[in-house]
Amino acid sequence: MGSSLLFCLFLIFSVICSPVSASHSVTWTYGVNYGRIANNLPAPESVVTLLKAAKINHIRIYDADHGVLQAFKGSGIEIIIGLPNGFLTEMSTGEDRAMNWVKENVQAFLPGTRIRGIAVGNEILGGTTMELWEALLPAAKNVYAALYRLGLHRTVEVSSPHSEAVFANSFPPSACIFRPDVAPFMKPLLEFFWQIGSPFYINAYPFLAYKNDPQHIDINYALFKDNPGIYDAKTKLHYDNMFEAQVDASYTALDKAGFSKMEVIVSETGWASRGDPDEAGATVKNAKTYNKNLRKRLLKKKGTPLRQHMAVRAYVFALFNENLKPGPTSERNFGLFKADGSIAYNIGFTGLVPSAAASSSLLSFKDIAAQGWLRSSYLLVSTASAVVLLQCLGL
């Protein structure tokens with residue numbers, strides 16, 4: 001009896017001392033872009049608290065800021081970091097430069113910070129700088145070669161997000177093809193990504209489509225609300241929302257380019273809560289509707305009409321409103337949260353400070369850490385300990 005009791009106590013001690021980390025299913029579907037073009041955002045350490053409270057375990061940032069990477073150490077949150085467009089030409093000229101960048105911005109933070117991908121550039125093909133079109137593939141190859149030489153290529157993915165400017169057309173989904181001028185650059189890039197097991201990343205925005213053509217696009221179709229939808233005569237598939245149609249348009253373009261088995265992941269999607277007078281649909285109500293319905297749809301972990309068994313994954317744009325972003329008013333108002341950590345609108349998340357929409361139920365950074373995560377961890381530990389003890393004692 002004495003030895004059995006000691007063994008039981010050892011198991012309980014092991015459970016108590018084991019770190020309680022966030023769940024990281026290989027079938028995750030919901031992530032968020034953490035943009036930081038602002039001068040009024042919470043510190044990265046507070047952002048970690050916010051993400052844990054919201055149970056968001058996958059984020060994408062647009063650079064490799066060391067302060068952010070250090071703040072996420074030990075959080076369990078998986079990050080895709082960005083190699084900014086301004087670095088592409090340099091990275092394309094020599095593997096040694098890519099090696100130095102990877103050592104300083106990736107290897108130095110592993111394994112504590114869970115860096116799971118490097119986005120090489122953003123929306124390069126289809127843009128206006130031909131020099132970057134030419135630099136994209138060699139830069140991606142050099143970054144991957146550096147990861148390979150360091151033994152990190154199996155855990156850190158190399159990719160490059162695209163805008164819908166790479167398509168010649170995308171309606172109906174079955175008609176989608178890559179632009180003739182983009183295809184000679186896109187195909188070798190896809191061949192390389194296929195060889196190393198990377199997916200195709202697309203920035204898909206029903207908001208932008210509606211804003212550009214509000215006379216011919218049903219707002220309900222763009223917002224996942226009840227509507228007649230569209231029928232694709234070639235595939236005989238029906239679409240009741242634009243988001244899935246945009247994803248399947250990407251799959252169609254990949255099929256026609258010879259990459260029918262490549263996965264599509266949405267690297268950006270979202271809806272502006274405010275805009276200029278000529279930006280149709282940019283309202284708080286529409287942003288709330290789109291993001292709430294999108295989240296519900298992604299959490300179902302289901303496929304699209306064309307890829308029914310491939311769960312759609314997407315990174316929502318964006319975590320915060322960013323007050324220094326250039327361009328129209330909408331660019332500064334895509335955030336799920338305001339700069340002070342309060343919710344921009346309620347889609348089921350809890351803000352970190354009171355907002356006009358909800359005040360009494362919101363918690364501070366400290367409260368969430370102490371009452372939320374620690375309480376759930378304590379409950380888990382206590383339950384597990386009790387089960388172990390009862391089993392050992394034969395009860």
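**Salt bridges and a helix crossing**

Mentor: Let's start with aspartate 63 and arginine 36, which form a salt bridge with their closest N and O atoms 2.8 Å apart. Keep in mind that this is a predicted model.

Trainee: What makes that pair a salt bridge?

Mentor: The cut-off is 4 Å between a side-chain nitrogen of Lys or Arg and a carboxyl oxygen of Asp or Glu. Arginine 36 and aspartate 63 come to 2.8 Å, so the pair is within that limit.

Trainee: Which parts does the pair tie together?

Mentor: Aspartate 63 sits in the loop between strand S2 and helix H3, and arginine 36 in the loop between strand S1 and helix H2, so parts 27 residues apart in sequence are tied together.

Trainee: Why is aspartate 63 called partly exposed?

Mentor: Its relative accessible area is 23%. Buried means under 20% and exposed over 50%, so aspartate 63 falls in between.

Trainee: Why is H5 called oblique to H6?

Mentor: Their axes cross at roughly 60°. Roughly parallel needs under 35 degrees and roughly perpendicular starts at 65, so this angle lands in the oblique class.

Trainee: Which class counts make up the contact of H5 with H6?

Mentor: Seven nonpolar, one polar and two charged residues.

Notes
Residues numbered from 1 in each chain as written. Predicted model: local features only at pLDDT ≥ 70, side-chain atom pairs only at ≥ 80, totals over all residues. Heavy atoms only, no water. Axes fitted to C-alpha atoms, helices over the stretch in contact; angles between N-to-C directions. Helix = DSSP H or I, 4+ residues; strand = E, 2+ residues; numbered from the N terminus. Parallel < 35°, antiparallel > 145°, perpendicular 65-115°, else oblique. Nonpolar A, V, L, I, M, F, W, Y, C, P; charged D, E, K, R; others polar. Buried < 20%, exposed > 50% of the residue type's maximum accessible area, 1.4 Å probe, protein only.
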